[in-house]
Amino acid sequence: MALTTAEQVRLRIQDKPTIFDSTLAGDGSATIYGLGVTNVVSGTAFVPGVGGWTATGATIDATGFVAFSGAISANSAFRVRGVHTIFSNDEIGHFTAVGGTVAGAALEAVKTLMFDSLKRAKWAAPDGTEYDDTAAQQQLQKLYEQLDEEVNEGAVDAGAYASWSLGQEGW
């Protein structure tokens with residue numbers, strides 16, 4: 001069976017669905033809790049029951065929030081399991097529309113990841129903890145260059161108006 005364009009883009013950028021499994025505690029008054037993940041594809045919430053966890057009727061939305069019908073008792077555990085992705089289906093659709101091809105869509109996704117990586121490039125906390133994400137930035141830059149070259153080669157091969165000027169650099 002052939003992959004859809006969205007599946008091809010996800011494969012190209014390695015945005016595979018990822019399982020999350022979180023155990024949290026209620027505070028006695030809240031009915032909605034953030035899960036710390038976004039782009040939730042599917043999920044189920046559980047509360048302790050006889051012999052293990054029992055599924056609830058809670059709803060989990062794509063933005064990563066679980067909503068219970070009533071407050072979860074203070075310090076009472078609940079568990080949420082599900083699947084999420086880095087990019088939503090709408091974002092993948094946008095990348096495809098703007099990029100025009102699977103490679104173009106992957107390039108758009110890499111641009112987004114590059115911009116996002118600037119927010120956490122290198123930092124240090126007062127407690128001495130340090131984080132340096134410059135290796136990931138370098139890898140994204142290499143991937144960007146490869147995809148940009150692939151997209152531009154495709155434009156030249158297609159004989160598009162834009163490809164004429166690209167081919168004139170040696171004249």
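Modeller: Rings of Phe, Tyr and Trp, the last by its six-membered ring, pair if their centres lie within 6.5 Å. Planes over 60 degrees apart count as edge-to-face. The model before us is predicted.

Colleague: How many aromatic pairs does a search of the whole structure find?

Modeller: The criterion of 6.5 Å between centres decides what is a pair. Applied to the whole structure, the search finds aromatic pairs to the number of four.

Colleague: Which geometry do Phe68 and Phe78 form, stacked or edge-to-face?

Modeller: The ring centres of Phe68 and Phe78 are 5.0 Å apart, and the angle between the planes is 75 degrees. The pair links distant parts of the chain, with Phe68 in the loop between E6 and E7 and Phe78 in strand E7, ten residues apart. Planes over 60 degrees apart fall in one class, and the Phe68 and Phe78 pair is accordingly edge-to-face.

Colleague: At what angle do the planes of Phe87 and Phe95 stand?

Modeller: Both Phe87 and Phe95 are buried. Their ring centres are 5.0 Å apart, and the pair is edge-to-face because the planes stand at 85 degrees.

Colleague: Which residue is the bridge partner of Leu24 in E7?

Modeller: Strand E1, residues 18-25, pairs with E7 in the antiparallel sense over eight bridges. E3 also runs antiparallel to E7, joined by six bridges, and there Ala45 stands opposite Val80. For Leu24, the partner in E7 is Phe78.

Colleague: In the open sheet of three strands, which strands stand at the edges?

Modeller: The order in this sheet is E2-E6-E5, and the pairing is antiparallel. Each edge strand has a single partner, so one side of it is left without a neighbour in the sheet; these strands are E2 (32-34) and E5 (59-60).

Colleague: Which residue in E6 stands opposite Thr59?

Modeller: E5 and E6, the latter residues 65-67, pair in the antiparallel sense over two bridges. Opposite Thr59 stands Ala67.

Colleague: Is Asn39 buried or exposed?

Modeller: Asn39 is found in the loop between E2 and strand E3 (40-49). Leaving out residues up to four places away in sequence, Asn39 touches several residues, including Ala62, His84, Phe87 and Glu91. Its relative accessibility is 15%, and under 20% is the cut-off, so Asn39 counts as buried.

Colleague: What is the phi of Asn75, a residue other than glycine?

Modeller: Most residues other than glycine have a negative phi. Asn75 lies in the loop between E6 and E7 and is exposed, with a relative accessible area of 72%. Its phi has a positive value, near 65 degrees.

Colleague: Where does Gln14 lie?

Modeller: Gln14 has a positive phi of about 55 degrees although it is not a glycine. With a relative accessible area of 48%, Gln14 is partly exposed. Its place is the loop between helix H1 (5-13) and E1.

Definitions and conventions
Residues numbered from 1 in each chain as written. Predicted model: local features only at pLDDT ≥ 70, side-chain atom pairs only at ≥ 80, totals over all residues. Heavy atoms only, no water. Pairing = 2+ DSSP bridges. Helix = DSSP H or I, 4+ residues; strand = E, 2+ residues; numbered from the N terminus. Buried < 20%, exposed > 50% of the residue type's maximum accessible area, 1.4 Å probe, protein only. Contact = heavy atoms within 4.5 Å. Phe/Tyr/Trp six-rings, centres within 6.5 Å; stacked < 30°, edge-to-face > 60°.
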